[in-house]
Amino acid sequence: GGVISFNLGDIHPHDMASILDQHGVAIRGGNHCAMPLMQVLGVHGTCRASFYIYNTFDEVHTLIEAIGAARRLLKR
């Protein structure tokens, strides 16, 4: 399994999570119980996608497409 934390420009992680949810993709957005680290990094939080053996390549592709849609929607 794996976990990927990311941000896209200055899109707030909660906004990203909401947009991806509209595309059928569930991620976590926030400080993930690591607020001191987020303060040091100077970010409001991160987006976190988790993968495991049951995820398909189609689901990963859907995540990538949904991130692209969020980027186009918010022009970032």
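**Entry 1**

I began with Val43, which counts as partly exposed at 31% relative accessibility. For my own bookkeeping, buried means under 20% relative accessible area, exposed means over 50%, and partly exposed is in between, with a 1.4 Å probe and protein chains only. This is a predicted model, in which local features need pLDDT of at least 70, side-chain atom pairs count only at pLDDT 80 or more, and totals for chains, interfaces and linings use all residues. Residues are numbered from 1 along each chain as its sequence is written, and side-chain values use heavy atoms, with hydrogens and water left out.

I placed Val43 in the loop between helix 2 (35-41) and strand 3. Helices (H or I, at least four residues) and strands (E, at least two) are DSSP runs, numbered from the N terminus.

Together, Leu37, Val40, Leu41 and Val43 make a nonpolar surface patch of about 370 Å². Patch members have over 30% relative accessible area and no salt bridge; nonpolar side chains (Val, Leu, Ile, Met, Phe, Trp, Tyr) are joined within 5 Å, like charges within 9 Å. A salt bridge here is a side-chain nitrogen of Lys or Arg within 4 Å of a carboxyl oxygen of Asp or Glu. The areas come from the Shrake-Rupley method with a 1.4 Å probe, and for residues only the protein chains shown count as cover.

**Entry 2: helix 1**

Which residues of helix 1 are buried? I found Pro13, Met16, Ala17, Ile19 and Leu20 in helix 1 (residues 13-22). They lie on the same side of helix 1, because they cover an arc of only 165° around the axis, taken from the directions from the helix axis to the C-beta atoms. Strand 2 (28-30), strand 3 (46-51) and helix 3 are among what covers these buried residues. Asp21 and Gln22 are exposed, on the face turned away from the buried side. After helix 1 comes Gly24, with a positive phi near 80°.

**Entry 3: cysteines**

How many disulfides does a search of the whole structure find? I got 0, with a disulfide taken as a pair of cysteine sulfur atoms within 2.5 Å. For Cys33, the nearest cysteine sulfur is that of Cys47, 16 Å away. Cys33 is exposed at 83% relative accessible area, whereas Cys47 is buried at 1%.

**Entry 4: Val60**

Lastly, I checked Val60, in helix 3 (residues 57-74). Val60 is partly exposed, at 28% relative accessible area. Its C-alpha atom is separated by 9.5 Å from that of Val25, 35 residues apart along the chain.

Note on methods:
Contact = heavy atoms within 4.5 Å.
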